[in-house]
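Good morning, and thank you for coming.

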Amino acid sequence: MAALAFIEKQTLRPDELGPADADAARAAGVSDEALTDAATVCALFNMIVRLADSLGWDVPPWEALMQRAPAMLEGGYQMGAIQKR
């Protein structure tokens, strides 16, 4: 819950995020590595969503996502893995 509180503020009120927030997460038992991982994933998703909104990227239809799912599970996000399917 403490890591979620940290990344919620990172997402919704980044100008308010500071060392005290990291200290609160640590005090609740969140390791520096876990907090860094959570913050990194959060930042990447925030960036992707903001770019998608700004540039008008479309989300593929569910059926298209499901067709690509086996390749994604097998090879990750490597373009070669997706193109082979």
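**Layout and confidence**

From the N terminus on, the elements of the chain run α-α-α-α-α. That comes to five helices and zero strands; helices (H or I, at least four residues) and strands (E, at least two) are DSSP runs, numbered from the N terminus.

Please keep in mind that this is a predicted model, in which local features need pLDDT of at least 70, side-chain atom pairs count only at pLDDT 80 or more, and totals for chains, interfaces and linings use all residues. Residues are numbered from 1 along each chain as its sequence is written, and side-chain values use heavy atoms, with hydrogens and water left out.

The term pLDDT stands for the predictor's confidence in each residue, from 0 to 100. Its mean for the chain is 89, and 89% of the residues reach 70 or more. Where is confidence lowest, and where is it highest? The lowest mean, 54, belongs to helix H5 (residues 79–84), and the highest, 98, to helix H2 (residues 19–27). Where pLDDT is low, the predicted coordinates should not be read in detail.

Of the 85 residues, 19% count as buried. Buried means under 20% relative accessible area, exposed means over 50%, and partly exposed lies in between (1.4 Å probe, protein chains only).

**Salt bridges**

Side chains of opposite charge can pair when their charged atoms come close. How many salt bridges does the structure hold? There are four, a salt bridge being a side-chain nitrogen of Lys or Arg within 4 Å of a carboxyl oxygen of Asp or Glu.

One of them pairs Asp21 with Lys9, the closest N and O atoms being 2.9 Å apart. This pair links distant parts of the chain, with Asp21 in helix H2 and Lys9 in helix H1, twelve residues apart. Helix H1 covers residues 2–12.

Are these two residues buried or exposed? Both Asp21 and Lys9 are buried. Lys9 counts as buried because its relative accessibility is 17%, and Asp21 does so because its value is 19%.

As for their surroundings, contact means heavy atoms within 4.5 Å. Leaving aside neighbours within four places in sequence, Lys9 is in contact with Pro14, Glu16, Leu17 and Asp21. On the same terms, Asp21 is in contact with Phe6, Lys9 and Glu16.

Let us move on to a network. Asp23, Arg26 and Asp32 are linked by salt bridges. The side chains of Asp23 and Arg26 meet at 2.8 Å, N to O; both residues lie in helix H2, three residues apart, about one turn of the helix. Arg26 also forms a salt bridge with Asp32, at 2.4 Å, N to O. Asp23 is partly exposed, with a relative accessible area of 44%. Arg26 counts as partly exposed at 39%, and Asp32 at 44%.

**The surface**

The chain exposes about 6600 Å², of which carbon and sulfur atoms supply 62%; accessible areas come from the Shrake-Rupley method with a 1.4 Å probe, and for residues only the protein chains shown count as cover.

Trp57 is found in the loop between helix H3 (32–55) and helix H4 (62–75). With a relative accessible area of 48%, Trp57 is partly exposed.

Thank you for your attention.
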